[in-house]
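Here is a brisk tour of one protein model. Keep the structure open beside the text.

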Amino acid sequence: MQIPVSQLLVRFLEQLGVQCIFGIPGSHILPVYDGLYDSPIRTVLAKHEQSAAFMAGGHARITGGIGACITTAGPGATNLVTGIASAYADQLPVIAITGEAPTHIFGKGGLQESSGEGGSVDQVALFAGITRYHKLVERTDYLASVLNQAAGYLLSGTPGPVVLSFPFNLQKELVDESILEQVAFTRRSGEPAIPGPYIDQSLALIRASKRPLIVAGYGCIRAHAQAHLHAISARLHIPVTSSLKGKGAIDERSALALGSLGVTSGGYALRYLEQEADLVLILGASFNERTSYVWDRNLLPGKKIIQVDNNLQQLQKVFRADLALQADLGAYLRALEAAILNQHVPPKQPVDVAAFITAAQADIDRAGERIFSARFEHVQVFYRWLEQQFPDGLVMFDDNIVFAQNFYRVTSQDRFFPNTGISSLGHAIPAAIGAACATRKPLFAMIGDGGFHMCAMELMTAVNYGFPLNAVLFNNGTMGLIRKNQHQHYHDRFIDCDFANPDFAKLAQSFGVRHVRIETARDLQGLAGKLDFYKGINLIEILIDQDAYPNYSARR
Ligand SMILES: Cc1ncc(C[n+]2csc(CCOP(=O)(O)OP(=O)(O)O)c2C)c(N)n1
Ligand SMILES: [Mg+2]
């Protein structure tokens with residue numbers, strides 16, 4: 001049967017498993033919107049296309065499936081850029097459908113034309129560096145091939161964003177619906193078995209080590225390998241630290257958890273790595289600037305290293321490994337655990353991680369390296385309170401990072417999504433909204449006031465759809481991180497960091513959302529009774545002194 005391209009596209013999205021699509025309409029994309037009218041895919045109207053892309057990314061993260069967004073041509077497409085770049089940096093399967101001016105006016109100066117012809121904005125060039133695949137589809141005869149390639153990138157084990165742009169006239173052209181039969185919608189076959197010699201080599205390195213340490217990254221979470229990781233750690237007495245993104249790969253409240261590694265972390269894991277570890281298993285972690293302490297040259301030499309990652313590009317990117325293996329972390333850890341059991345690999349000397357942390361803390365205090373002074377006590381108490389309130393887990397999208405990294409111990413029930421990738425401000429609230437239509441767990445978006453200014457209106461998107469959301473807003477009246485750097489490195493010559501804030505209580509009232517303000521730890525008393533964290537939309541404002549700085553240096 002012949003159907004319009006717009007309808008075929010909607011069916012394509014349905015067959016990809018898309019549940020929600022986030023965006024803003026414009027006349028150049030209305031045929032596709034009209035196709036969505038009769039579709040089970042839920043449409044969510046965002047306030048800004050950047051947010052729509054962040055929402056799609058948040059949705060992809062929480063579901064493990066595909067996130068989708070939709071915009072018009074010209075400004076709709078250009079507004080997507082940061083959100084798509086963020087999905088690219090975080091390897092998220094996000095598809096964006098954008099409109100385009102009709103082909104017969106290409107190059108003639110059409111309204112919002114972004115074909116690249118006649119001096120117009122060039123969508124193809126714009127998205128070239130931030131997508132795995134982008135196509136301005138000008139004809140339908142190769143549509144099957146385009147959709148098949150798009151599905152391939154979205155469904156691959158190392159996915160990334162795809163942008164498909166459709167000129168207005170093309171959306172209305174009729175095509176045969178059998179085109180979809182040429183698209184392979186099931187790509188992920190069973191993970192290939194790990195060749196035996198790699199497991200043997202891993203075991204040889206583990207057997208020879210006195211004090212191994214596991215550095216777990218997001219790859220372990222993405223592969224759902226937490227149970228195997230925990231089993232190996234518990235059986236062989238191997239402590240586990242994680243990258244920031246890998247928080248939760250092991251229950252951070254369990255006995256062998258060392259907390260996370262990285263410039264902004266508490267420093268326990270760093271000390272264990274430096275002082276104790278003779279073998280480091282880097283599992284699905286990229287060892288980026290943050291995790292590697294700005295690629296500290298003294299961190300790894302003299303230690304044996306096993307690195308496993310499903311992404312070839314990550315292997316030995318910044319250090320040499322004694323064993324480097326491209327593999328799915330689930331498959332690797334499953335095989336390793338089985339071999340450890342079968343071959344009766346002896347456990348290491350038990351490690352008293354709690355005692356190590358206590359000693360490390362004393363050492364940190366002596367060296368004056370504690371990151372947070374007493375001026376952050378109420379923040380710490382807030383995170384401890386969060387830990388206690390939600391035993392069945394919560395979902396946290398985190399733009400702040402420094403607080404949660406130090407104060408919140410992620411469990412295997414939780415889902416923790418720090419704003420890594422390109423670390424764009426204004427991410428947490430829209431990303432959490434993207435997750436809201438796919439989770440019943442209490443949802444938290446942690447965000448600074450500077451970041452809040454960039455996406456505050458998206459709170460109204462939550463209101464619009466009744467999406468439960470807890471936005472935790474850190475009010476210090478400044479771009480705190482920038483102020484800290486200007487304090488540390490520029491002799492307090494503060495420029496363009498401080499700003500005026502609105503009255504957030506009134507703002508919340510006018511948005512129709514609940515508001516509480518936390519100034520001291522005492523304000524937490526009775527908080528649980530004041531707000532409905534599961535179904536309500538809440539703005540939780542935490543006041544922080546403008547000149548209270550976390551004591552770490554990112555060295556720039
Ligand atoms: C889109 C974007 N612009 C600029 C930056 C640089 N930047 C990083 S942190 C920061 C300040 C954040 O201020 P705020 O959200 O209030 O958080 P605070 O540091 O005060 O906790 C800025 C401007 C960025 N990360 N993203
Ligand atoms: Mg701030």
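## Leucine 155 and helix α7

Leucine 155 is found in helix α7, which covers residues 143-155. This is a predicted model. With a relative accessibility of 14%, leucine 155 counts as buried, because buried means under 20%.

Now compare sequence and space. Leucine 155 and phenylalanine 54 are 101 residues apart in sequence. From C-alpha to C-alpha, leucine 155 and phenylalanine 54 are 19 Å apart in space.

## Overall build

How many helices and strands are in the protein? There are 22 helices and 20 strands. The radius of gyration is 25 Å, close to the 24 Å that the globule rule gives for 556 residues, so the protein is as compact as a globular protein of that length. Along the principal axes, the C-alpha atoms fill a box of roughly 70 × 60 × 45 Å.

Of the 556 residues, 56% are buried. Take the contacts with a separation of 6 or more: residues 24 or more positions apart account for 75% of them.

## Surface and charge

The accessible surface comes to about 22800 Å². Carbon and sulfur atoms hold 49% of that surface.

The protein has 47 positive and 50 negative charges.

## Nonpolar cores

The largest nonpolar core has 87 residues. Which residues have the most contacts inside it? They are Ile84, Leu283, Tyr332, Phe452, Leu469 and Leu539. A second, separate core has 39 residues, including Ile3, Ala68, Ala144 and Leu154.

Isoleucine 84 shows what such packing looks like in detail. Residues up to four places away in sequence are set aside here. Isoleucine 84 then touches Ala53, Cys69, Val94, Ala96, Phe127, Ile130, Thr131, Pro161 and Val163.

Leucine 13 sits in helix α1, residues 5-15. Its relative accessibility is 2%, so leucine 13 counts as buried. Not counting residues up to four places away in sequence, leucine 13 touches Val18, Ile21, Ile41 and Ile95.

Leucine 13 and glutamine 149 are 136 residues apart in sequence. In space, their C-alpha atoms are 14 Å apart.

## An enclosed helix: α17

Is helix α17 enclosed or open? Nine of the nine residues of α17 (428-436) are buried, so this helix is largely enclosed by the rest of the structure. The buried residues are Ala428, Ile429, Pro430, Ala431, Ala432, Ile433, Gly434, Ala435 and Ala436.

## Around helix α20

Helix α20 spans residues 480-489. Its buried residues are Arg483, Lys484, Asn485 and Gln486. Histidine 491 follows α20, and its phi is positive, near 55 degrees.

Asparagine 476 lies in the loop between β18 (469-475) and α20. At 16% relative accessibility, asparagine 476 counts as buried. What does asparagine 476 contact, leaving aside its neighbours within four places in sequence? The partners are Asp449, Ile544, Asp545 and Gln546.

## Arginine 370, a loop residue

Arginine 370 lies in the loop between α14 (353-366) and α15 (377-389). Arginine 370 is partly exposed, with a relative accessible area of 43%. Residues up to four places away in sequence aside, arginine 370 touches Gln361, Ile364, Asp365 and Asn551.

Arginine 370 and isoleucine 340 are 30 residues apart in sequence. Their C-alpha atoms are 39 Å apart in space.

## Two loop residues with positive phi

Glutamine 316 has a phi near 55 degrees, a positive value in a residue other than glycine. Glutamine 316 is placed in the loop between β13 (304-309) and β14 (323-326). At 37% relative accessibility, glutamine 316 counts as partly exposed.

Isoleucine 401 also has a positive phi, near 75 degrees, and is a residue other than glycine. Isoleucine 401 is found in the loop between β15 (395-398) and α16 (402-407). Is isoleucine 401 buried or exposed? At 6% relative accessibility, isoleucine 401 counts as buried.

Methods. Residues numbered from 1 in each chain as written. Chains lettered and ligands numbered in written order. Predicted model: local features only at pLDDT ≥ 70, side-chain atom pairs only at ≥ 80, totals over all residues. Heavy atoms only, no water. Helix = DSSP H or I, 4+ residues; strand = E, 2+ residues; numbered from the N terminus. Rg over C-alpha atoms; globule rule 2.2 N^0.38 Å. Buried < 20%, exposed > 50% of the residue type's maximum accessible area, 1.4 Å probe, protein only. Contact = heavy atoms within 4.5 Å. Areas by Shrake-Rupley, 256 points an atom, 1.4 Å probe, with all protein chains shown as cover. Lys, Arg positive; Asp, Glu negative; His and termini not counted. Charge placed at Lys NZ, Arg CZ, Asp CG, Glu CD. Core = buried A, V, L, I, M, F, W, Y, C linked by side-chain atoms within 4.5 Å.
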